[in-house]
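Hi everyone, thanks for coming. Have a look at it first.

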Amino acid sequence: MDYFTVPHENTAAALVAWYRENARELPWRKDVTPYRVWVSEIMLQQTRVEAVKPYYHRFLATFPDVFSLACADDELLHKMWEGLGYYNRVRNMKKCAQRVVAEFDGQFPKEPAVLQTLPGIGSYTAGAVAAIAYGVPAPAVDGNVLRVLARLTDCNADISQTAVRKDAEKTIMQIIPRDAVSAFTQSLFELGAMICLPGSDAKCDRCPVAAYCLAKKNTTSALLPVHSAKPERKKEQKTVFLLREDGMYLLHKRPDKGLLAGLWEFPNVNGHIDEAQAIVQARKWGFDPLRVQSLPTAVHIFTHKEWHMQAFLMDGNFTAALNGVKADVREMKEVYALPSAFAAYRSIACGED
Ligand code: SF4
């Protein structure tokens, strides 16, 4: 079924010309290689451009190519990613790099269908790498592109439906100019990021394709795109422990599977418990608290759940073998990757609060 009408025949040329004049200078737009495009695209999933920039520079300085990433130390890899969240992304990057080295002589394949067989590479990332790095016509359809396309064609189909997304990919393939694949692909990203903003924030007066846009003509842009409501996130309560002895804090390693797999964390239990219960719990971990302080609450939002955290800072002594490591402030900053779920308490521990 066709959900999107094909945009006006001048649309693609107008977008390419606008992009060439107005594209922002971004680090991954210089010295374009498949590796660099891929790294930037994975980082940009769920993260803003400005937040990604320092991570991108640091990551490339540490892992300049697919070979160095393929043999990366896991602890260092997690540390490089600390704060970006969704750590599965970086674990898949290493697996993907290993496959590219082992099966493709270190060269990312050009074909989107082959790219999609690699770990962590879906239809969007495959399209972006193929189109931007190799100039291979391929659709790279993310939320920004869907919004632009839905508005250009005044389409009110639900963009969370797979069939609608597939039709968007088909429509992009119909209009992608074969002599400007990379510029066209990035022009859609750029338009969605800078001009065709969500809700009622679209800057139609500055839009290079306003003359061809059906949503502008029909004054429907603020209503588009249509997507079904997401299910409500599950709320979980946690009590977090900062157990300190001589300026060193206990860190636990999370299980190898599940949420935040394999990362370090402050010890914690499910539920909100009171101070007396917290002292009993600390003793179970082999820690004898001498002084207990209640810390501010914090909330961390994941895609499908929220952690509502309370915490105790306890000074005392470790009396038994540790289930974990003791880390000082420098080690928490430089060695152990603590996910951003614990950022509020890490700041307190590191004296940054
Ligand atoms: S005219 Fe407005 S709604 Fe249409 S594509 Fe441009 S910014 Fe988006």
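Let's start at a turn: in the hairpin of β1 and β2, which has two residues between the strands, Asp 246 takes a positive phi near 50 degrees. Before going on, two notes on what you are looking at. This is a predicted model, where local features need pLDDT of at least 70 and side-chain atom pairs count only at pLDDT 80 or more, while totals for chains, interfaces and linings use all residues. Residues are numbered from 1 along each chain as its sequence is written.

You'll hear me say α and β a lot. Helices (H or I, at least four residues) and strands (E, at least two) are DSSP runs, numbered from the N terminus.

Back to Asp 246 and its positive phi. Most residues other than glycine have a negative phi, and most peptide bonds are trans. Where else does a residue other than glycine have a positive phi? Asp 105 does, with phi near 55 degrees, and Asp 105 sits in the loop between α6 (88–104) and α7 (112–115). As for peptide bonds, the one from Leu 224 to Pro 225 is cis, with omega near 0 degrees. You can find Pro 225 in the loop between α12 and β1.

Now the strands. Two strands pair if DSSP finds at least two bridges between them. Strand β1 (residues 234–245) and strand β2 (residues 248–253) run antiparallel and are joined by two bridges, and Glu 245 has Met 248 in β2 as its bridge partner.

One of the bridge partners is Phe 312 in β6, which goes with Ser 294. Strands β5 and β6 form a hairpin with three residues between them.

On to the helices. When I quote an axis, I mean a line fitted to C-alpha atoms, for helices over the stretch in contact, and angles run from 0 to 180 degrees between N-to-C directions.

Helix α2 (residues 34–44) and helix α3 (residues 49–62) have axes that come within 10 Å and cross at roughly 140 degrees. On the α2 side we have Val 39, Ser 40, Met 43 and Leu 44, and they meet Val 49, Val 52, Tyr 55, Tyr 56, Phe 59 and Leu 60 in α3. By class, the residues of this contact divide into nine nonpolar, one polar and no charged. For the classes, Ala, Val, Leu, Ile, Met, Phe, Trp, Tyr, Cys and Pro count as nonpolar, Asp, Glu, Lys and Arg as charged, and the others, Gly among them, as polar.

Helix α2 also meets helix α8 (residues 123–134): their axes come within 9 Å and cross at roughly 140 degrees. Pro 34, Val 37, Trp 38, Glu 41 and Ile 42 in α2 meet Thr 125, Ala 128, Val 129, Ile 132, Ala 133 and Tyr 134 in α8. That contact has nine nonpolar residues, one polar and one charged.

Last stop, the ligand. How many residues surround the ligand? There are 15, and the closest are Cys 196, Cys 204, Cys 207, Cys 213 and Ser 221; a residue is near a molecule if its C-beta atom, placed from the backbone, lies within 6 Å of it. Helices α9 (143–152) and α12 (214–217) each supply at least two residues of this shell, and α9 gives the largest share, three residues. By class, the shell has eleven nonpolar, one polar and three charged residues.

Definitions and conventions:
Two residues are in contact if their C-beta atoms, placed from the backbone, lie within 7 Å.
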